[in-house]
Amino acid sequence: MSPCRACSLAAAVFFLFLILAALPIEWPLDDFAEYWAAGRLNASGHNPYEPAAMLQEEREIGWQHPDPDMMYNPPWTLALAMPIGAVNFQIARSIWLPVQLVITLWCASTLWILYGGSPIHRARACGLALVWMPTLIALRMGQLSPIILLGLVGFLWALARHREFAAGTFLALTLVKPQLVALVWVPFVPWTIVERRWKVLAGAIGAVVAASLVAMSTNPRVFGQYQYLIASVPPTLTFESPNLATIFRAAMGTASSWPQFVPTCLGAVLVGLMWFRTRADWDWTSQLPGLVLISCLLTSYGGWAFDLVVLLIPVLATAARVVRNGRRAIVSAAVAAFVGVSGAAFAMHAARAPQSAFLWMTPAVAIACYLLRRRI
């Protein structure tokens, strides 16, 4: 990105922040509240994974539920949450929304170019990203899922420019929710070793270590506190995730959480074999859309509607290919598929359907992308 363009984006974020901060907005107390509260606690040396402490912080911004909204993200995520918690909730939320928007639009524009879309149609790619139902839900809730999208797209962008350390640093951003795109990491590690991409590996490791040190700088016991939360109240049992892993655990009829990791483990074997067979011709740009689809389908927990903003990668990769093909019938089919999936998801959200009901979205996107590519 040129310095001029970077300055323009920074100015746009600042201008939008000023507008939002000046307006009397009653921000929804959704997931952003947990990041704000956890960051605030950790910065002051307190336990961000303690329910009573989290509830007390969230009460100060109007949280009315009897239980707190807990942050289950790993401690290195606190390197992002601590600056958020350093200011009051209204200001923090007014900053975070413009940042989310800029991230999403940059990712959409970059994906479009990476997958061969014409530069004159970048605005259309951005429009698709903004009317994708998971995008709007993630923006409304102040979710971290656009950070994961940034990590994946930034990884491809940096590799295309031979900025290997930056590529690894970008990919490390996906570890704010390591379970969501865990299968992307299965070929990444052997690829860096076999191809001797030590700078990429160093970038990923360095980013995680640096973020962990930031979290520990004010709270040295934070990793132990996180381990205790995960062991005592595992998220795999706390949440009914809209994925195959939850269905498998329910079918097993067990109170243990181990069945939810079975689909991810099987997927890891499958992806590992796929990399081994194609390692000589492995290309991240062509492989990443499929890896994202498989990861979301087989994640151990999560994969909620707002997490599926990462599906913009296969969606926009397919859209660029469809537009390049130019056949009216295929373009019409692609538009119908996108409108059908996103529109149905919006209707379900408006009807307050439970998150478990969104299980169909990832398979629907996978099938639509596969059929469109077959027709092309």
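## Surroundings of asparagine 243

Asparagine 243 touches Leu297, Thr299, Ser300, Tyr301, Gly302 and Leu359, when residues up to four places away in sequence are not counted (contact means heavy atoms within 4.5 Å). Asparagine 243 sits in the loop between α13 (235-238) and α14 (244-252), and is buried, with a relative accessible area of 1% (buried means under 20%, exposed over 50% and partly exposed in between, with a 1.4 Å probe and protein chains only).

The side chain of asparagine 243 reaches the backbone nitrogen of alanine 245 at 3.2 Å, and a polar atom of that side chain lies 2.9 Å from the backbone nitrogen of threonine 246.

## Nonpolar core

The largest nonpolar core has 105 residues, and those with the most contacts inside it include Leu152, Trp284 and Ile313 (a core is a set of buried Ala, Val, Leu, Ile, Met, Phe, Trp, Tyr and Cys residues joined through side-chain atoms within 4.5 Å). Helix α8 (residues 145-160) gives the most to this core, with eleven residues (helices are DSSP runs of H or I, at least four residues, numbered from the N terminus).

Isoleucine 313 is in contact with Leu111, Tyr115, Leu149, Leu152, Val153, Leu288, Pro289 and Val292, leaving aside its neighbours within four places in sequence.

## Surface patch

Ile205, Val209, Leu213, Met216 and Phe223 make a nonpolar surface patch of about 420 Å² (its residues have over 30% relative accessible area and no salt bridge, with nonpolar side chains joined within 5 Å; a salt bridge is a side-chain nitrogen of Lys or Arg within 4 Å of a carboxyl oxygen of Asp or Glu). Helix α11 (residues 198-218) gives the most to the patch, with four residues; methionine 216 lies in this helix and counts as partly exposed at 31% relative accessibility.

## Basis of the values

This is a predicted model, in which local features need pLDDT of at least 70 and side-chain atom pairs count only at pLDDT 80 or more, whereas totals for chains, interfaces and linings use all residues. Residues are numbered from 1 along each chain as its sequence is written, and side-chain values use heavy atoms, with hydrogens and water left out.

Notes:
Helices (H or I, at least four residues) and strands (E, at least two) are DSSP runs, numbered from the N terminus. A polar contact is a pair of N or O atoms within 3.5 Å; within protein, one must be able to donate a hydrogen and the other to accept it, and residues adjacent in sequence count only if both atoms are side-chain atoms. Patches are made of residues with over 30% relative accessible area and no salt bridge: like charges are joined within 9 Å, nonpolar side chains (Val, Leu, Ile, Met, Phe, Trp, Tyr) within 5 Å. Accessible areas come from the Shrake-Rupley method with a 1.4 Å probe; for residues, only the protein chains shown count as cover.
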